[in-house]
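Here is a friendly walk through one protein chain, with the model on screen beside the text. Let us start with a single side chain and then widen the view.

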Amino acid sequence: MKAFQLTEQKEFMNLLLRSDIFDNFLLSEASIHTAVTYNIDGRLNESFYSKDELSSQQLTDLTYMPYGRLRPVFFELIKGRFAPTYFKFVLMLSPSNLKNTIQASGTMISPADILGACLNILYQNEHLMLTTGVSYRVFIPDKSFEKEWEKFTINFLKRNNIVFSEI
């Protein structure tokens with residue numbers, strides 16, 4: 001697990017809420033504290049959609065909703081004169097991106113061994129942080145995949161001009 005301080009908060013929030021750079025991640029959960037507290041479970045409610053809608057909207061076989069589908073909602077909840085007192089977003093790699101990252105790590109881990117490769121974005125006490133994390137279904141002594149996920153995250157931040165310092 002790596003932790004990063006995001007130093008240019010306004011720029012990062014514009015990327016998070018007004019651009020598509022995080023749209024391919026899946027939302028595991030979100031909590032936003034403004035005048036009231038919003039807790040959002042990102043699990044996809046398949047019964048809300050017909051099978052054709054799931055297919056046409058490319059939601060088939062997803063457990064969680066793509067962040068991009070919820071980004072406009074989060075923008076509406078957060079925009080305004082006052083910053084939230086707290087928020088947390090837990091984003092996960094999609095199944096296809098998880099498979100690609102596992103292959104890039106050169107490990108023998110199966111996608112079935114991993115519950116999620118996560119980015120945890122936390123705003124608290126006027127500080128904005130991002131941490132990486134991997135949740136496994138089984139014990140894995142080899143940490144090659146975690147190292148690859150950390151490298152991927154650093155490259156992602158740099159590629160998108162997100163200013164950070166490692167904690």
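Glu-148 has 17% relative accessibility and therefore counts as buried (buried means under 20% relative accessible area, exposed over 50%, and partly exposed in between, with a 1.4 Å probe and protein chains only). This is a predicted model, in which local features need pLDDT of at least 70 and side-chain atom pairs count only at pLDDT 80 or more, while totals for chains, interfaces and linings use all residues. Residues are numbered from 1 along each chain as its sequence is written, and side-chain values use heavy atoms, with hydrogens and water left out.

**Around Glu-148: a helix pair**

Glu-148 belongs to helix α5; helices (H or I, at least four residues) and strands (E, at least two) are DSSP runs, numbered from the N terminus. What does Glu-148 contact once its neighbours within four places in sequence are left aside? The partners are Thr-101, Ala-104 and Ser-105, where contact means heavy atoms within 4.5 Å.

Two packed helices are described by the angle between their axes and the distance between the axes. The axes are lines fitted to C-alpha atoms, for helices over the stretch in contact, and angles run from 0 to 180 degrees between N-to-C directions. The table sets out two helix pairs in these terms.

| Helix pair | Angle | Axis distance |
|---|---|---|
| α4 (residues 95-105) and α5 (residues 144-159) | about 110° | 9 Å |
| α1 (residues 9-18) and α3 (residues 67-78) | about 125° | 8 Å |

The angle between α1 and α3 makes α1 oblique to α3. Angles under 35 degrees count as roughly parallel, over 145 as roughly antiparallel, 65 to 115 as roughly perpendicular and the rest as oblique. On the α1 side, the contact is made by Met-13, Leu-16, Leu-17 and Arg-18, and on the α3 side by Tyr-67, Arg-71, Phe-74, Phe-75 and Ile-78.

Helices α4 and α5, by contrast, are roughly perpendicular to each other.

**The nonpolar core**

Which residues touch the most other members of the largest nonpolar core? Among its 49 residues, these are Phe-12, Leu-16, Phe-22, Tyr-67, Phe-74, Phe-89 and Ile-121. A nonpolar core is a set of buried Ala, Val, Leu, Ile, Met, Phe, Trp, Tyr and Cys residues joined through side-chain atoms within 4.5 Å. Strand β6 (residues 114-124) gives the most to this core, with six residues.

Apart from neighbours within four places in sequence, Phe-12 is in contact with Leu-6, Phe-22, Ile-121, Leu-128 and Ile-162.

**The strands**

Strands pair if DSSP finds at least two bridges between them. Strand β2 (residues 26-33) and β5 run antiparallel and are joined by seven bridges. Seven bridges also link β5 (residues 86-92) to β6, again antiparallel. Phe-87 can be followed across both pairings: in β5, Phe-87 is the bridge partner of Ile-32, and in β6 the bridge partner of Phe-87 is Tyr-123. Lys-88, in turn, stands opposite Leu-122 in β6. Six of the seven residues of β5 are buried, so β5 is largely enclosed by the rest of the structure.

From β6, 10 bridges lead on to strand β7 (residues 127-136), and this pair is antiparallel. Ile-121 has Leu-130 as its bridge partner in β7. The two strands form a hairpin with two residues between them, and Asn-125 in the turn has a positive phi of about 50°. Asn-125 is exposed, with a relative accessible area of 61%.

Thr-131 contacts Lys-2, Ala-3, Cys-118, Leu-119 and Asn-120, leaving aside neighbours within four places in sequence. Met-1 and Thr-131 are 130 residues apart in sequence, yet 6.8 Å apart in space, C-alpha to C-alpha.

**Another positive phi**

Gln-58 has a phi near 55°, a positive value in a residue other than glycine. Gln-58 sits in the loop between α2 (51-56) and β4 (65-66), and is exposed, with a relative accessible area of 66%.
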